[in-house]
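Subject: Structure for your review

Dear colleague,

Please find the sequence and the structure below. My notes on what was found follow directly after them.

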Amino acid sequence: MRDILNDLDAGRLLSDPDPVRRAQIQMKAPLPKRFYKTATVEQEGEVFCVRLDGKQARTPGKAPLALPTEAAARLVAAEFEAQVDVIDPSTMPVLRLVNTAIDGVAADPQAVLEDILRFASSDLLCYRADGPQGLVDRQNEHWDPVLDWARRAFGARFNLAEGIMHVEQPREAIAALGTVLSMKPQPMRLAAIHAMTALTGSALLAVAVDRGELTVEQAWTAGHVDEDWQIEQWGQDAEAMARRAFRKREMDAAAALLEALG
């Protein structure tokens, strides 16, 4: 069900789940001109709607762009306001997450929750290097506290392995994580957690951010321990740097949406 979290724009502007590839496609496609002067937020009942020149903004699926909190709606409105001559979805990561949640996740939030749990069954934090010692120490430093927290906070004990050989995780650990996710199964929250899980390779890191155990910066660093080690040893090319910067913006947007949802 991971395809349910791909951007849902009928393949024109948001046509690839990979952010860099999507940006490349968007650069080739003509972007729509900014057709509105102002983006505002208005409350309607229990939701907060984003309006463009007073008219209801809508998702690619034509659903009203309505969010459960004012803070979340203002994040989306700010992205609309930041557009200049054209509307560039690659610079609107919160909007893309919200569109995905409304048009996709809302139809089957349980499927998305289960997909996050599938990530957890092969979570990054459970696969350790057998050397060099510097990398081993760094993994231990950033990953052990999160595993310890998961054990203390919701009784989830995960098995560790060296190398890439798959290690089976206890059903009780996955079930415990599922219980935590089920406490707040809102589509936008699940979409943001799923995005952070995919960006870091770790459902545990994403849940730790959602629960306030880690900051987004701490989770990002923990999710890139191996990559940072390689960069320190061999350097990094410009394309890889651009790709990483784009993914970091996606991570920050997901964390900002989680915070705004409250």
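**Asn140 and its surroundings**

Leaving aside neighbours within four places in sequence, Asn140 is in contact (heavy atoms within 4.5 Å) with Arg128 and Pro145. Asn140 belongs to helix H5, which covers residues 133-154; helices (H or I, at least four residues) and strands (E, at least two) are DSSP runs, numbered from the N terminus. With a relative accessibility of 29%, Asn140 counts as partly exposed. Here buried means under 20% relative accessible area, exposed over 50%, and partly exposed in between, with a 1.4 Å probe and protein chains only. The C-alpha atom of Asn140 lies 9.2 Å from that of Leu125, 15 residues away along the chain.

**Basis of the model**

This is a predicted model, in which local features need pLDDT of at least 70 and side-chain atom pairs count only at pLDDT 80 or more, while totals for chains, interfaces and linings use all residues. Residues are numbered from 1 along each chain as its sequence is written, and side-chain values use heavy atoms, with hydrogens and water left out.

The pLDDT, which is the predictor's confidence in each residue from 0 to 100, averages 91 over the protein chain, and 89% of the residues score at least 70. Over residues 1-14, however, the pLDDT is below 50, and this stretch has 43 contacts in the model beyond near neighbours in sequence.

**Salt bridges**

The structure holds 14 salt bridges, each being a side-chain nitrogen of Lys or Arg within 4 Å of a carboxyl oxygen of Asp or Glu. In general, side chains of opposite charge can pair when their charged atoms come close.

One of these salt bridges joins Asp144 and Arg128, with the closest N and O atoms 2.8 Å apart. This pair links distant parts of the chain, since Asp144 is in helix H5 and Arg128 in strand S5 (residues 127-128), 16 residues apart. Arg128 is buried at a relative accessible area of 7%, whereas Asp144 is partly exposed at 26%.

A salt bridge also forms between Arg189 and Asp210, whose closest N and O atoms are 2.5 Å apart. Arg189 lies in helix H7 and Asp210 in helix H8 (residues 203-210), so the pair ties together parts that are 21 residues apart in sequence. Arg189 is buried, at 3% relative accessibility, and Asp210 is partly exposed, at 22%.

Within it, the side chains of Arg51 and Glu42 meet at 3.1 Å, N to O. Arg51 is buried, with a relative accessible area of 12%, and Glu42 is partly exposed, at 36%.

**Helix H7**

Helix H7 (residues 187-200) has 14 residues and reaches 20 Å from its first C-alpha to its last. That is close to the 20 Å expected at 1.5 Å a residue, where the expected span is 1.5 Å times one less than the number of residues. Of the 14 residues of H7, 12 are buried, so the helix is largely enclosed by the rest of the structure. Among the buried residues are Met188, Arg189, Leu190, His194 and Leu199. Gly201, whose phi is positive, near 80°, follows H7.

**Cysteines**

The structure holds 0 disulfides, a disulfide being a pair of cysteine sulfur atoms within 2.5 Å. Cys49 is buried at 2% relative accessibility, and Cys126 is buried with a relative accessible area of 0%.

Yours sincerely
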